[in-house]
Amino acid sequence: MSAVPAEPVETPEPAWRQRAVERSTRAAKLRAEQRVQRFLDAAQELIADKGTTDFTVQEVVERSRQSLRSFYQHFDGKHELLLALFEDALSTSAAEIREKSAAGRDPLERLKIAVDLLYASSTPRKGQQSPLFTDFAIQLLVTHPDQVATAHLPLLAYFTELVEEAVGAGQAVAAKPRRTASLIMQTAMFTAQAPAAPVGAHPSPITAEEVWAFCLGGLTGPGTAQGPAATAPAADAPATKATAATRRTAPAKKATAAPQKRAATTKKAAPAKKAAATKATRSQA
């Protein structure tokens, strides 16, 4: 008589079944990626033709030669489609900036190249969209700030890396490299998109060189000036402590001297007072 196991034994899934499911999943994923890419390509073509993001979902569907149902299976709406384009553009831009700025001789020069390239890619072009879709990027920043922040992560990671390298090489001062990198990126991107600053009767665009000079001042100017001053108290700590102690004891010394002075004055006045009293007694006699 055979023993019956207390708990049922799980039969492992056959290897052929696992391979078949994985193959099916990969095929479905590949088909989905191809459909998504066709929608993205159609949107890119529309942007290139119109020079703007002012197009409809139906236009994207017709140009991609796919169904509206398929579009909404992959995107929640037009804003999500453009967000995908924006994220893809940022990722591509980050890779290009990393590749081209590698030619710099040191971290600070590589950072300058990166700032110049980011400024150029963010500058609006008349009659066409910039690589980073600046007009729609501003709308996304207001309506979907979290998604925009996520889209910037590859670029922010590289700029943070450059700032950390510059600090490590002693070329810059930044207590929080990631926040400093974010400030540099925002300065370059938003200044490139901003209207020209008025100088007299004529508008004068802020150049990439001016943006870099401003960022460089923030990295090296104030930080370098404050560096020695910040360490000075530590070196002079004993002297400073002694000075503070002297200042604290000074009023007490002054207070002690005051009673002594009053006592001396009283002592000097006593004989004179006694002599005046004696003289008055003799006059009465």
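Guide: Happy to. Let us start with a charge and a ring: the charged end of Lys78 sits over the ring of Phe55, 4.7 Å from its centre. A charge sits over a ring here if NZ of Lys or CZ of Arg is within 6 Å of the ring centre and within 35 degrees of the ring normal. Before going on, please keep in mind that this is a predicted model, where local features need pLDDT of at least 70, side-chain atom pairs count only at pLDDT 80 or more, and totals for chains, interfaces and linings use all residues. Residues are numbered from 1 along each chain as its sequence is written, and side-chain values use heavy atoms, with hydrogens and water left out.

Now to the ring pairs. Rings of Phe, Tyr and Trp (its six-membered ring) pair if their centres lie within 6.5 Å; planes under 30 degrees apart count as stacked, over 60 as edge-to-face and the rest as tilted. By that rule there are 4 aromatic pairs. In one of them, the ring centres of Phe39 and Phe71 are 5.3 Å apart and the planes stand at 90°, so this pair is edge-to-face. Phe39 belongs to helix α1 (residues 15-50) and Phe71 to helix α3 (residues 68-74), so the pair ties together parts that are 32 residues apart in sequence. Helices are DSSP runs (H or I, at least four residues), numbered from the N terminus.

Phe71 also pairs with Phe75: their ring centres are 5.3 Å apart and their planes lie at 35°, so that pair is tilted. Ring pairs link Phe39, Phe71, Tyr72 and Phe75 into a cluster.

How covered are these rings? Buried means under 20% relative accessible area, exposed over 50%, and partly exposed in between, with a 1.4 Å probe and protein chains only. Phe39 is buried, at a relative accessible area of 0%. Phe71 is buried too, with 0%, and Phe75 counts as buried at 6% relative accessibility.

Lys78, where we began, has the number that opens helix α4 (residues 78-101), a helix of 24 residues. From its first C-alpha to its last, α4 reaches 34 Å, close to the 34 Å expected at 1.5 Å a residue; the expected span is 1.5 Å times one less than the number of residues. Among the buried residues of α4 are Leu82, Phe86, Ala89 and Ser93.

How values were computed: Helix = DSSP H or I, 4+ residues; strand = E, 2+ residues; numbered from the N terminus.
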